[in-house]
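Good morning. I will go through one model today, starting with its backbone and ending with its cavities. Please have the structure open.

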Amino acid sequence: MVEAEQTAEQTKVPSTEVVDVAASGINVVNLVKSYKGGKVRALDGVSLSIKPGEALGLVGPNGAGKTTLIGCMMGFLRYQSGEITIDGLAPDDLVTRAMVGYLPERLTFDRWMTGRDFLHFHHELCGRPEKLRLHECEELLRKVELDPAAWSMAVRKYSRGMLQRLGFAQALVNKPRYLLLDEPASGMDPHGVLVVQSLLRGLRQDGLTFLLNSHQLDQIERSCDRVIFIQKGKVVREENLRTREESVPRTMCISWLGYSDEVLVDSALVSKIATELGATLEQFSQTEANASITVGSEAECARLIKTMVEAGIPVTRVVPELSRLQKAFVDEMSKGGAK
Amino acid sequence: MNRAICVNTWRQFKSNNVRLILLTLMILLPLGGTTLMRCNASVAVDDACLSPPFIATLFTLLWGIGVIGCERQHGTISLVLSRPVSISRYVFSKWLAVSIAASICSVQALLIEQFVSVVLSPSLMFNTEFVANGLERVLLCFSTASVLIFFSSLVTGIKDLALIAGVLFAGQLVRSFFEPLTYNSGHFLGLSQVPSFIINFYKACADAYCVFLYPNIPVADILNGSAEFFTYLINYTCVITVSLSMAIFFLSRKEYSYAHE
């Protein structure tokens, strides 16, 4: 608390501890943003809200307007109409900026700086207390798992993944309440992607509110409570990822032991079992010992597996061909294409 | 003023080898010139041969070219402005950073020249010209820096240098066109007389142009009583205020991206 007061004092902004509950969170209402004198509409009446403590995913094809939306939320881009409020304040308000962390997709750095210098610079810009600078910055660099040997290295020698880690650290340097992340794992190696996932999990546990724009649907599915699909500047779909979808048809890939002597698993047998339960056999592969079967609900899927096991098929694995989010994305893209 | 932005601006300069080499040359060349002149027997003993205060403009140019434009070009400005730093504070900090650095360099160059003069001619120890020159340099650094900040806020990279060159060139063109009127009793190329209000308007514009591009306070002349202090002070303050206000205005109207522009 004392630390928060010191920060507010240093940044010459009022304390952000007291927030009007009704106005809290991020609210975007009918946002319209166009380029080239109105010829290109990047955002066409986008409305969304993020409650405090909520993690919202942003999904859409390239050029859908996701980065433009984040640019508007940061106050970098001017919009033609609509409103954005963060805790009831305008996005370019200094109080708002003190409580928002931001990670752009491709962060640009002063290339002569070292990683540590860069973080110290932003720590000072945020008005964080000087006596905490060294400790907080090192803690962040450790948190993003940036190799300590690179801390004192010029940023120009950093790899893409190292830059992204440093960028993530700068987004957290002001101890933000809200975080806007634009492709946080872009350009990272598999280990880096895992680090980002672990960081996002930690942020959720800490109750941080964040908006995650990512093309990695599994990352969004793991980290977010809700996801919004944007296409051609409009919100076309919204999915709550924390509710179970019990009666949605889904294609499952079912694998079994290929060398079982108990029963001969052929397409006729699998097709018969599937048809009896109202499911549809889409694809069968004897050599790979798997089949794709579309089931109408989770209960039907459970019955199918039970029947297959009872029929002597040694089932080893059942996975959906597309994750829930992938399926929703494919559905939306196909709708968009049809339009 | 934001200390972090100021220090970062100085460190940006330090990281640029070309600018460092130019800075060294700008200190050494006038010093070499002064030393040679002092060694020349034809120079009076009481003449310090100090380089003119105008050199402070060159130091400011060296420090200030692209001071905002480069940050815009590289996209680093957007990350700075994503912090609780207002555009006016950013501009003010950049102005102070350039002004202070250029002042230190130009006064340092003057001190070295004065030192050489005193070594060669000890009677110049209490030279008032030296104090006036130094003061004028500092004032010139602060005003020129504000004009540079204005130009730098208009364009990206170091295109502000080209912009300044363009403005100077355009000024010369206009001058070569209108100047004959002022000493030819209003007759242009021997033809009919040009209305006096056009000549007066030209003179006013020319004055404003000169004040804007060379906003100095001639301290030596003021001390001699040959120049009016308040007129210069008002012009000087106006140039700084207007330049910085315009820079804030133009930067506020821009949209920022975090990539290279």
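Where in chain A is the place of Glu145(A)? Glu145(A) sits in the loop between helix H5 (133-143) and helix H6 (160-172) of chain A; helices are DSSP runs of H or I of at least four residues, strands are runs of E of at least two, and both are numbered from the N terminus.

Some housekeeping. This is a predicted model, where local features need pLDDT of at least 70, side-chain atom pairs count only at pLDDT 80 or more, and totals for chains, interfaces and linings use all residues. Residues are numbered from 1 along each chain as its sequence is written, chains are lettered from A and ligands numbered from 1 in the order in which they are written, and side-chain values use heavy atoms, without hydrogens and water.

Most residues other than glycine have a negative phi. Glu145(A) has a positive phi of about 55 degrees, and Asp87(A) has a positive phi near 55 degrees. Asp87(A) lies in the loop between strand S4 (81-86) and helix H3 (94-99) of chain A.

Now the cavities, meaning sets of points on a 1 Å grid over the protein atoms alone where a 1.4 Å probe fits but cannot get out; lining residues have an atom within 4 Å of a point. The largest cavity is lined by residues including Phe118(A), His122(A) and Leu79(B). Helix H4 (115-125) of chain A and helix H5 (76-81) of chain B each give two or more residues to that lining.

The lining of the second largest cavity includes Glu136(A) and Lys175(A), and H5(A) gives the most to it, with three residues.

Definitions and conventions. On a 1 Å grid over the protein atoms alone, a cavity is a set of points where a 1.4 Å probe fits but cannot get out, and a pocket is an open set with protein on both sides within 12 Å along at least five of seven lines; lining residues have an atom within 4 Å of a point.
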